[in-house]
Amino acid sequence: MKISREFNWEMAHRLMEHSGGCQNVHGHSYRMTVDITGDPDPATGMVLDFADVAELLKPLINELDHAFLCEARDASLIAFLKKENMKHKIVPFRTTVENLCTYVADALKPSLSARTRLTEFSVTIHETARNAGTVTVKLK
């Protein structure tokens, strides 16, 4: 059985050294779907309570919403964001949707791994209406 929960947030970023327009500061309305696969609990009939899924991701979404996702080596932009006291999250990776999927999956994996009925999960993040990335993580 697979369940899905959707999340939304607004966030800005830029891709350093990119040859196209994404090298510039810009933002997206991100839409993320987390799919969780496993056996329903006989007592509850649920793979995992949707409220529990939301609670697991709430701190991460709050950290990213209306923030600037900034690559750690982007020193000039980090200095500006700090000087202007703007909400930002510094990460050790290029701020692509692929890396963002992996970042979210890495944050979720410890909590979901502890639940023995779950077998895998995936994180799909839509950066635009037409562009998305997905990562799937096996738990067993």
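Which residues have the most contacts inside the largest nonpolar core? The legends below, for a predicted model, begin with that core.

**Figure 1. The largest nonpolar core.** This core has 34 residues, and those with the most contacts inside it are M32, I36, L57, V123 and I125. Strands β1, β2, β5 (118-126) and β6 (132-138) and helices α1 (50-64) and α3 each supply at least two of its residues. The most comes from α3, which gives eight residues. In soluble globular proteins, nonpolar side chains tend to be buried together.

**Figure 2. Surroundings of I36.** Apart from neighbours within four places in sequence, I36 is in contact with M1, K2, I3, V47, L48, V53, L112, L118, E120 and F121.

**Figure 3. The six-stranded sheet.** The sheet is open and its strands follow the order β4-β3-β1-β2-β5-β6, with mixed pairing. Because β4 and β6 stand at the edges with a single partner strand each, one side of each is left without a neighbour in the sheet. From one strand to the next, the twist averages 30 degrees.

**Figure 4. Pairing of β1 with β2.** These two strands run antiparallel and are joined by 12 bridges. Within the view, S4 stands opposite D35 in β2.

**Figure 5. Helices on the sheet.** Helix α2 (residues 75-83) lies across β3 (67-71) and β4, and runs at about 150 degrees to β3. Helix α3 packs on the sheet and touches β1, β2, β3, β4, β5 and β6. The direction of α3 makes about 150 degrees with that of β5.

**Figure 6. The stacked aromatic pair, W9 and Y30.** The model has two aromatic pairs. In the stacked pair, the rings of W9 and Y30 are 5.4 Å apart centre to centre, with 10 degrees between the planes. W9 lies in strand β1 (residues 2-13) and Y30 in strand β2 (residues 26-38), so the pair ties together parts that are 21 residues apart in sequence. W9 counts as buried at 2% relative accessibility, and Y30 is buried with a relative accessible area of 2%.

**Figure 7. The tilted aromatic pair, F93 and Y103.** Here the ring centres are 5.5 Å apart and the planes make 50 degrees. F93 lies in the loop between β4 (88-91) and α3 (97-113), while Y103 lies in helix α3, so this pair ties together parts that are 10 residues apart in sequence. Both F93 and Y103 are buried.

Notes: Residues are numbered from 1 along each chain as its sequence is written. This is a predicted model: local features need pLDDT of at least 70, side-chain atom pairs count only at pLDDT 80 or more; totals for chains, interfaces and linings use all residues. Side-chain values use heavy atoms; hydrogens and water are left out. Rings of Phe, Tyr and Trp (its six-membered ring) pair if their centres lie within 6.5 Å; planes under 30 degrees apart count as stacked, over 60 as edge-to-face and the rest as tilted. Helices (H or I, at least four residues) and strands (E, at least two) are DSSP runs, numbered from the N terminus. Buried means under 20% relative accessible area, exposed over 50%, partly exposed in between (1.4 Å probe, protein chains only). A nonpolar core is a set of buried Ala, Val, Leu, Ile, Met, Phe, Trp, Tyr and Cys residues joined through side-chain atoms within 4.5 Å. Contact means heavy atoms within 4.5 Å. Two strands pair if DSSP finds at least two bridges between them. Axes are lines fitted to C-alpha atoms, for helices over the stretch in contact, and angles run from 0 to 180 degrees between N-to-C directions.
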